[in-house]
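Morning, everyone. I have one chain to show today, and I will keep to what can be computed from it.

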Amino acid sequence: MFLSILTSRYAEEDFLVSLPRKLVLGLASLFVAIATMMIAFGAAFSIVIGERYDWVYIPVIVLACIPVSLFAILQLPLFWKIAISTYGPGVFRRRRSKVKHKSA
């Protein structure tokens, strides 16, 4: 997804529609990939360690989750802003006012 953003033709419609969608999909797939990587790490770690060192699980899992948590904390605000601006009410769409006009 990120490579398709780099190789896009940069037309006006791309900046309004195509590029934000690609960026949202790229960030979402990156979050899913990191989460599944952490699940695979935990499973492999539990298989390797087994029942020999029960006390090692918690410190290693906590230390491994620190970079993932920092990445999520730093990137989630960007993801939400892009998702809301792409799929939410846009700048160019009219918003209906809730104030009723009185007719004279």
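I will go through the overall layout, then the core, then the surface, then the record.

First, a caution: this is a predicted model. The chain has 104 residues, and 19% of them are buried. It exposes about 8800 Å², with carbon and sulfur atoms supplying 70% of that area. As for contacts between residues at least 6 apart in sequence, 59% of them join residues at least 24 apart.

Next, the core. Which residues make up the largest nonpolar core? There are 6 of them: Val-24, Leu-27, Phe-31, Phe-79, Ile-82 and Ala-83. Two helices, α2 at 12-49 and α3 at 57-87, each supply at least two residues of this core.

Is Leu-16 buried or exposed? Its relative accessible area is 55%, and the cut-off for exposed is over 50%, so Leu-16 counts as exposed. Along the chain, Leu-16 and Ser-85 are 69 residues apart, while their C-alpha atoms are separated by 9.8 Å.

Now the surface. A nonpolar patch is formed there by Ile-58, Val-62, Leu-63, Ile-66 and Leu-70, and together these have about 500 Å² of accessible area. One of them, Ile-66, lies in helix α3. Its relative accessibility is 42%, so Ile-66 is classed as partly exposed; that class covers values between the 20% limit for buried and the 50% limit for exposed.

Last, the record. UniProt, in an unreviewed entry, lists residues 23-49 and 55-74 under "transmembrane region". How do those spans look in the model? Residues 23-49 are 100% helix and 0% strand, with the end C-alpha atoms 39 Å apart. Residues 55-74 are 90% helix and 0% strand, and there the end C-alpha atoms lie 31 Å apart.

That is the end of my part.

Definitions and conventions: Residues are numbered from 1 along each chain as its sequence is written. This is a predicted model: local features need pLDDT of at least 70, side-chain atom pairs count only at pLDDT 80 or more; totals for chains, interfaces and linings use all residues. Side-chain values use heavy atoms; hydrogens and water are left out. A nonpolar core is a set of buried Ala, Val, Leu, Ile, Met, Phe, Trp, Tyr and Cys residues joined through side-chain atoms within 4.5 Å. Buried means under 20% relative accessible area, exposed over 50%, partly exposed in between (1.4 Å probe, protein chains only). Helices (H or I, at least four residues) and strands (E, at least two) are DSSP runs, numbered from the N terminus. Patches are made of residues with over 30% relative accessible area and no salt bridge: like charges are joined within 9 Å, nonpolar side chains (Val, Leu, Ile, Met, Phe, Trp, Tyr) within 5 Å. Accessible areas come from the Shrake-Rupley method with a 1.4 Å probe; for residues, only the protein chains shown count as cover. A salt bridge is a side-chain nitrogen of Lys or Arg within 4 Å of a carboxyl oxygen of Asp or Glu. UniProt positions are given in the numbering used here, feature names are shortened, and annotations may be inferred rather than shown by experiment. Contact means heavy atoms within 4.5 Å.
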